[in-house]
Amino acid sequence: MIEPGTGISTLPRMGRTVYWMNVSLDLYIEGPSSSGGEGEWLRIGEQLHREFNRRASNLSTMVQGRVVYEIMETSWPEIAADETMPEHMQEYGRIWLDMPKVLVSRTRTEAAHNTTVIGSDAMGQLAKLRESTDGDIGVGGAALATQLLEAGLLDEVLLFTHPVVLGSGRPLFDRVVRPVEVELLEQARFDLGVTMHRYAITSPPG
């Protein structure tokens, strides 16, 4: 509703959870080791990396599963401090370090780098975070994104598609029990044949 005489909405604001992932053309986020399962298939040039930086810097917070978080924490703090690394990579390292983060894990109880750890009732706590956040919440990790999707708490999917077919590996979602309708919000093309598509989820599983 609108506050009389002000034109200002008094409806409570809510954050948007955005599952952000690099994918192959056949929607795998990891491939078998014989097909570059460790990420050799990714084509991340400077132009694309600067797009990552721009979008990451505009997030309100990041929510990551344990696997994604531990990949990030073992690389980006060192890269941020390494003056021999390209400036755009150092910049992303600084963004990741400074960004408020939530680690969802049943096995870890603490983490550094401006990170809060949640374990029990993760979906309930993330629902509260979404309700109390003004802005986008970046989501990293297929298991976490699948749980958010099933709970009706996932708002958008942001895909950076790399021109490779992996054939098998880890899919974008661990499971989808029924069709989920989406609406294309944005698309773009980057160097090395990478494309970006941003979708709003219009009919989450009920």
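Visitor: Quick one to start: is Y69 buried or exposed?
Guide: Y69 is buried, with a relative accessible area of 0%. Buried means under 20% relative accessible area, exposed over 50%, and partly exposed in between (1.4 Å probe, protein chains only).

Visitor: What am I looking at here, anyway?
Guide: A predicted model, where local features need pLDDT of at least 70, side-chain atom pairs count only at pLDDT 80 or more, and totals for chains, interfaces and linings use all residues. Residues are numbered from 1 along each chain as its sequence is written, and side-chain values use heavy atoms, leaving out hydrogens and water.

Visitor: How many helices and strands does the chain have?
Guide: There are six helices and twelve strands. Those are DSSP runs numbered from the N terminus: helices are H or I with at least four residues, strands E with at least two.

Visitor: And how much of the chain counts as buried?
Guide: That's 42% of the 206 residues.

Visitor: Back to Y69. Which residue does Y69 form an aromatic pair with?
Guide: With W96, and the pair is tilted: the centres are 5.6 Å apart, with 45° between the planes. For a pair, ring centres of Phe, Tyr or Trp (its six-membered ring) lie within 6.5 Å; planes under 30 degrees apart are stacked, over 60 edge-to-face, and the rest tilted.

Visitor: Where do Y69 and W96 sit in the chain?
Guide: Y69 is in helix α2 and W96 is in helix α4, which covers residues 87–98. They are 27 residues apart, and the pair links distant parts of the chain.

Visitor: What about W96, buried or exposed?
Guide: W96 is buried, with a relative accessible area of 0%.

Visitor: What lies over the face of W96?
Guide: K101 does, at 4.4 Å from the ring centre. To count, NZ of Lys or CZ of Arg has to be within 6 Å of the ring centre and within 35 degrees of the ring normal.

Visitor: How many aromatic pairs are there by that ring rule?
Guide: The count comes to seven.

Visitor: Which residues do ring pairs link into a cluster?
Guide: W20, F52, F160 and F190.

Visitor: New topic: H49. Where is H49?
Guide: H49 belongs to helix α1, which runs over residues 46–57. H49 is buried too, at 8% relative accessible area.

Visitor: Which residues is H49 in contact with?
Guide: Setting aside neighbours within four places in sequence, H49 touches I44, W76, H88, M89 and Y92. Contact here means heavy atoms within 4.5 Å.

Visitor: And across the chain, what share of contacts join residues at least 24 apart?
Guide: It's 69%, among contacts between residues at least 6 apart in sequence.

Visitor: Okay, on to α6. Which of its residues are buried?
Guide: The buried ones in α6 are A142, L144, A145, T146, L148 and L149.

Visitor: What happens just after α6?
Guide: G152 takes a positive phi there, of about 75°. A151 is in that stretch as well, in the loop between α6 (142–150) and β9.

Visitor: How accessible is A151?
Guide: A151 is partly exposed, with a relative accessible area of 39%.

Visitor: How far apart are A151 and M123 in space?
Guide: Their C-alpha atoms are 7.4 Å apart, while in sequence A151 and M123 are 28 residues apart.
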